[in-house]
Amino acid sequence: MWAPWVVVIVFGLILAFTHWFLQPPRAAEMSRLYVGTLTLLCSLLLTTMVTILTPISLPTDIQQQTIYTVVTKPVRRLEVVWGRMIGYMALVTALVVVFGVVSLTYLWRTVGLTIEKTEAAAVKAESEGRTRDFAQLKEQADQLRSRLQARVPVMGSLSFLDSKGTPHAMGIDVGQEQSMREPRSHIEGATPATAIWRYGAVPDPFSPVNRPVMIDRRIQVDQFLPAGTVEGELNRVFDLQAQIAAANQEKGRPETTSARVGQLDAAIARNTAEAEKAQTEYEALLKQADDLEAAGKADEAAALHAPPIAAEMSFNVYRTTKGRVGEPVYAEMQVTNSNTGAEYSNIFPIKEYYTNREIVPASILAGSLGNLRIEVRCISPTQYLGMAESDLYLLSSSGGFGANYMKGLLGIWLQAMILTAIGVFAGTFLSWPVALLTTIAFFIAGQLAFGFLVDFTRQAVLGGGPFESLIRLVTHDNQMTDLAPTAGVVVAKTLDSLVMPVMSMLVYVVPNFQALDVSNTVADGFAVSWGLIGANALLALAYALPFSIAGYFILKNREVAA
């Protein structure tokens, strides 16, 4: 029981001096840096504790014969395995709660107070007439606050047009280091090159042109245009008109039966009456809002309209020349509703390393049926604007940060549960040093090398399979050149073709710990959905249960005497 106290003491000591060595490169990135560091610290301490303790426990009890007090009673071996897992996970749960409460308190006292001081400095700058300082401080406070939220983004599908207007799935690769999870492409400035985000049922840009794979990126319009608002009622009118048009189109098909035609006529009559009622309500709401606006009651008029839509972007700029010192790179964003023809466009400066936010009128979504098209172009010549698919999204809502942070710690809890199952499983048949090494090997393979193992078994790594790589190692051949088709090389490639399909299935015995880690999502200020938490919980159980059951059968069929 000394281990939890050691973990808590180490956590407290590191936390006490965190602000000494955590210096964000930009003031607006303070919240992301602190949140990411705290979740990483919690993960390291908890997984290290579980990795060390769980494989030692059962072999030590068997060696010291203290397990006799349990197995001599009518206790099933499965209860021995699950009992140890539940005990360790109860300890991990208590530590997660402690870490969560302490971390949130620490974040409030550091980042939260920094936000308040920045906002106070902005108010002071405004009162003193320092417009530039006010704008900078206000932007900095907004950026800090946006990371301490749980934002719900609505993503589109990204594709590109090159400088000649030819469509592509990817833009220009300027040679910068890329993230393997989401590569970044660039568009050339002052050319027709365009980055296009499509919303709706759209084809996957990476699928073949002759056999496109459709992906669902439709916008839930009701989330942005609530019922009872001017735009909500306008959207209702458009939706009813679309239903009437679809019914009339179905009536005109030769295969439509007479019974179906009667149903469609009834639906058309019903929707026509509802559309006329919705049109009347829309006009009344619009007139009421205009009257309030004319009377100087702007707040009451705004309450009748749907809130504007925030489109957030985080682009980077690749500069081929410095350009004019102090002059930013400009981009143009054009939002188009293809169903109604409504458009919105604006030119804005790109703030690198910051979240750019553009406010789009809510009326542009009315009648869109969840379909929208957002085009971004770089205006500044000789400059390149870089983006990935997740770099632009529509902000649906923002939730509380505290609950979202605890969801991030729940991902660490799931990792600890799998490690506990592996450690107890290894302890059922191995001595404690070997069981400890086995648990550490599983953790390293699942946390650091899982992606490489998957690529290796799929033969996506240069140099071929294990036998071909062995020949290259012995003959000192590099990974790029093709080997001469000698008898040894042919045999090695044949063995690889037989072994790799088996290895491609066995590799998934190693848990993918990275899939359970949602700390980056929390640090970026995005909400972790309960659907993702549920999927990760099922993934963790899919690993923990087989390991625990295998440990039960091993413990049941072995002699526990020392």
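In which sense do strands β9 and β10 pair, and over how many bridges? They pair in the antiparallel sense, over 7 bridges. The model behind these close-ups is predicted.

View 1. Strand β9 covers residues 330-336. Of its 7 residues, 5 are buried, so the strand is largely enclosed by the rest of the structure. Strand β10 spans residues 343-349.

**View 2. Strand β9 against β12.** β9 also pairs with strand β12, residues 372-378. The sense is antiparallel, and 6 bridges are found. R373 of β12 is the bridge partner of T336. In a regular strand, side chains alternate between the two faces of the sheet.

View 3. E375 forms a salt bridge with R373. The closest N and O atoms are 2.5 Å apart. How do the two residues differ in accessibility? E375 is buried, because its relative accessible area of 10% falls under the 20% cut-off. R373 is partly exposed, because its 28% lies between the 20% and 50% limits. Salt bridges that share partners join E332, R373, E375 and R377 into one network.

**View 4. The open sheet β4-β13-β8.** This sheet has 3 strands in the order β4-β13-β8. Pairing is antiparallel. β4 (185-188) and β8 (316-319) are the edge strands, each pairing on one side only. Neighbouring strands are turned by 30 degrees against each other on average, direction ignored. β4 is joined to strand β13 (residues 383-387) by 4 bridges, and these two run antiparallel. H186 stands opposite G386 in β13.

**View 5. The open sheet β1-β14-β7-β11.** Here 4 strands form an open sheet in the order β1-β14-β7-β11, with antiparallel pairing. Which strands lie at the edges? They are β1 (150-155) and β11 (356-360), and each pairs on one side only. The twist averages 40 degrees from one strand to the next. β1 and strand β14 (residues 392-399) pair in the antiparallel sense over 6 bridges. V154 has L394 as its bridge partner in β14.

**View 6. Helix α18 and its surroundings.** Helix α18 runs over residues 530-556 and has 27 residues. From its first C-alpha to its last, α18 reaches 38 Å. That is close to the 39 Å expected at 1.5 Å a residue. Which residues of α18 are buried? They are I533, N536, A540, Y543, A544, F547, S548, G551, Y552 and L555. An α-helix has 3.6 residues a turn, so residues three or four places apart point the same way. The cover over the buried residues of α18 includes α3 (30-64), α5 (77-127), α11 (401-427), α12 (432-447) and α16 (513-516).

**View 7. S57 in helix α3.** S57 lies in helix α3. Is S57 buried or exposed? S57 is buried, because its relative accessible area of 14% is under the 20% cut-off. Leaving aside neighbours within four places in sequence, S57 is in contact with R84 and Y88. The side chains of S57 and R84 meet at 2.5 Å. Those of S57 and Y88 are joined by a polar contact of 3.4 Å.

View 8. In total, the structure holds 22 salt bridges.

**View 9. The salt bridge R218-D216.** R218 forms a salt bridge with D216. Their closest N and O atoms are 2.9 Å apart. R218 counts as partly exposed, because its relative accessibility of 48% falls between 20% and 50%.

Technical notes:
Residues are numbered from 1 along each chain as its sequence is written. This is a predicted model: local features need pLDDT of at least 70, side-chain atom pairs count only at pLDDT 80 or more; totals for chains, interfaces and linings use all residues. Side-chain values use heavy atoms; hydrogens and water are left out. Buried means under 20% relative accessible area, exposed over 50%, partly exposed in between (1.4 Å probe, protein chains only). Two strands pair if DSSP finds at least two bridges between them. Axes are lines fitted to C-alpha atoms, for helices over the stretch in contact, and angles run from 0 to 180 degrees between N-to-C directions. The expected span of a helix is 1.5 Å times one less than its number of residues. Contact means heavy atoms within 4.5 Å. A polar contact is a pair of N or O atoms within 3.5 Å; within protein, one must be able to donate a hydrogen and the other to accept it, and residues adjacent in sequence count only if both atoms are side-chain atoms. A salt bridge is a side-chain nitrogen of Lys or Arg within 4 Å of a carboxyl oxygen of Asp or Glu.
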